[in-house]
Amino acid sequence: MIIAKKITETREKIASAKQLGKAVVLIPTMGFLHEGHQSMVKIARNQDPNHKKIYIVMSIFVNPLQFGPNEDYEKYPRDLARDSGLAEQAGVDLLFAPSVAEMYPDGKSLTAVQVSQITEVLCGASRQGHFQGVATVVTKLFNIIQPDEAYFGLKDYQQVAVIKQMTKDLNSPVKIVAFPTVRESDGLAKSSRNAYLSSEDRRQAPVLFRSLQEAEARIIEGETCTEVVREEIRQRISSESNGKIDYVEIRKADNLAAVDSIDCPVVIALAVRFGTTRLIDNIVVEV
């Protein structure tokens, strides 16, 4: 596996792979890899175990543009030595790990990519500018890597929706492939931020997925009122944990539009703080 920190070197290696007829798969991450990241690499690698057809590029970059002034940019876990070992073990061909100065040589970007409407709800409502930062850096990565496909995990359902909308609106030739959330044995969604949790918060956090599963069951049984389902989720989380709820929302699965009555596929999404750690999760319910 090649570790490249410079854009020029990255482009040269990818150009060589393309000359050999390989398809390029990009897996963008912020590092501190877990099984969710590794599973996406392994799925791609299993399609081409001999490295003859698919060139897997993983990026590791903690993007300052997508963090607010009071968020965890400075303390976000970083361990390139650990991550490079895990990436190579999973089957990555090239690990692109640029510095902030490499990505933003002028110290900031005067150009930004803004996706409207679907970025103004859920996490976008409480993290102003977050999705503009995400869309901007993903666009830069697409321009640098020029992948045929890009893989994203559905733990951040809204992020996947934003990237899909962006590629559609900008006629980007990249195919966006979304993968199911990978979970711990007790249901907690795998996340780099789980490392922040205290032992007590870690014990309580699985209530998030339990509450989502119960909500799914209630809808399948016939409950159609979003407010009833939302309130049951809130009560469950509040009664079984010290988590502070940021939001619990039920929206159309295809475009994140608000729904009052559940009569179509929906995503139930939530964000809850345990101490200073903000966790997100979701479940899609087919109606």
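**Entry 1: cysteines**

I searched the whole structure for disulfides (pairs of cysteine sulfur atoms within 2.5 Å) and found zero. Cys225 is in no disulfide, and the nearest cysteine sulfur, that of Cys264, is 14 Å away. I then looked up accessibility, where buried means under 20% relative accessible area, exposed over 50%, and partly exposed in between (1.4 Å probe, protein chains only). Cys225 is partly exposed at 29%, and Cys123 is buried at 5%.

**Entry 2: basis of the values**

I note that this is a predicted model, in which local features need pLDDT of at least 70 and side-chain atom pairs count only at pLDDT 80 or more, while totals for chains, interfaces and linings use all residues. Residues are numbered from 1 along each chain as its sequence is written, and side-chain values use heavy atoms, with hydrogens and water left out.

**Entry 3: domains and their interface**

I recorded domain 1 (1-177) and domain 2 (192-281) in the protein chain; these bounds come from an automatic or database domain assignment. Their centres, taken over C-alpha atoms, are separated by 27 Å. Domain 1 brings 20 residues to the contact and domain 2 brings 16 residues, contact meaning heavy atoms within 4.5 Å. The two domains bury about 1,600 Å² between them, 59% of it on carbon and sulfur atoms. Buried area here is the accessible area (1.4 Å probe) that two parts lose on being put together, summed over both.

I next looked up polar contacts, each a pair of N or O atoms within 3.5 Å; within protein, one must be able to donate a hydrogen and the other to accept it, and residues adjacent in sequence count only if both atoms are side-chain atoms. Nine residue pairs are in polar contact across this interface, both residues at pLDDT 80 or more. On the side of domain 1 that touches domain 2, helix 5 (123-126) and helix 7 (157-169) each supply at least two residues. Helix 7 gives the most to that side, with three residues. Helices (H or I, at least four residues) and strands (E, at least two) are DSSP runs, numbered from the N terminus.

**Entry 4: salt bridges**

I counted 19 salt bridges, each a side-chain nitrogen of Lys or Arg within 4 Å of a carboxyl oxygen of Asp or Glu. Between domain 1 and domain 2 the count is one salt bridge. Arg193 and Asp72 form a salt bridge at 2.8 Å, N to O.

Arg127 pairs with Glu71 in a salt bridge, with the closest N and O atoms 2.7 Å apart. Arg127 lies in the loop between helix 5 and helix 6 (130-145) and Glu71 in the loop between strand 3 (54-60) and helix 3 (80-90), so the pair ties together parts 56 residues apart in sequence. Arg127 is buried at 12%, whereas Glu71 is partly exposed at 29%.

I also noted a network of salt bridges that links Arg210, Glu214, Arg236 and Glu240.

**Entry 5: Arg278**

I located Arg278 in strand 9 (residues 277-285), where its relative accessibility of 13% makes it buried. Its side chain meets that of Asp246 in a salt bridge (3.0 Å, N to O). Asp246 is in strand 7 (residues 244-252), and the pair, 32 residues apart, links distant parts of the chain. The side chain of Arg278 also makes a polar contact with the side chain of Ser126 at 3.2 Å. Leaving aside neighbours within four places in sequence, the contacts of Arg278 include Cys123, Arg127 and Arg193.
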